[in-house]
Amino acid sequence: MTTQKKPPDEITIRLFRFDPAFEQEPRYEVITYATEEPLSVMVLMQQLHALDPERACRTSMCFKGACGACLVQLNGRSVLGCSTLIRPGEEIRLDPHPGFKHIRDLVVDFSNPVSTEGESP
Ligand code: FES
């Protein structure tokens with residue numbers, strides 16, 4: 001008798017959390033999100049916010065890779081959240097983009113760029 005290996009059905013996320021108005025240091029919240037389907041970073045962020053509205057992120061603007069409002073760091077790389085897929089079984093880290101002034105959690109001020117020497121977009 002053979003047993004079929006069950007495919008992974010969750011994504012493990014290390015989510016950057018920091019509210020400089022109330023906290024001294026950033027931290028990572030580790031979250032396990034159940035899904036059997038791939039989903040975009042943008043949808044994942046929306047779902048994490050829906051589960052806990054204290055998690056701050058930008059929600060969709062154009063949702064087709066044109067506006068840049070979903071720019072975040074995925075595993076240390078800059079990505080457009082609306083056009084980057086995460087698959088069940090992946091372990092990821094989400095950070096705010098370092099090229100702009102940080103506001104809270106994953107939210108940055110796109111009107112206020114900061115120097116990121118050595119950072120590639
Ligand atoms: S939502 Fe506009 S580029 Fe992603």
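The model on display is a predicted one.

Next, colour the largest nonpolar core, which has 16 residues. Met45 is one of the members that touch the most other members, together with Val41, Cys70 and Val72. Strand E1 (10-17), H1 and E4 are the elements that each give two or more residues to this core. H1 supplies the largest share, 4 residues.

Now display the sheet. In what order do the strands of this open sheet run? The order of the 5 strands is E2-E1-E7-E4-E5, and the pairing is mixed. At the edges are strand E2 (27-34) and strand E5 (77-80), each of which pairs on one side only. From one strand to the next, the twist averages 35°.

Within the sheet, select E1 and strand E7 (residues 91-96), which pair in the parallel sense over 4 bridges. Arg14 may then be highlighted; Arg93 in E7 stands opposite Arg14.

Turn the view to H1, which lies across E1, E2, E4 and E5. Relative to E2, H1 runs at about 100°.

Finally, select Ala56, in the loop between helix H1 (41-51) and strand E4 (71-74). Leaving out residues up to four places away in sequence, Ala56 touches Arg104, Asp105, Leu106 and Val107.

Note on methods: Residues numbered from 1 in each chain as written. Predicted model: local features only at pLDDT ≥ 70, side-chain atom pairs only at ≥ 80, totals over all residues. Contact = placed C-beta atoms within 7 Å. Core = buried A, V, L, I, M, F, W, Y, C linked by C-beta atoms within 7 Å. Buried ≥ 20, exposed ≤ 12 C-beta atoms within 10 Å, placed from the backbone. Pairing = 2+ DSSP bridges. Axes fitted to C-alpha atoms, helices over the stretch in contact; angles between N-to-C directions.
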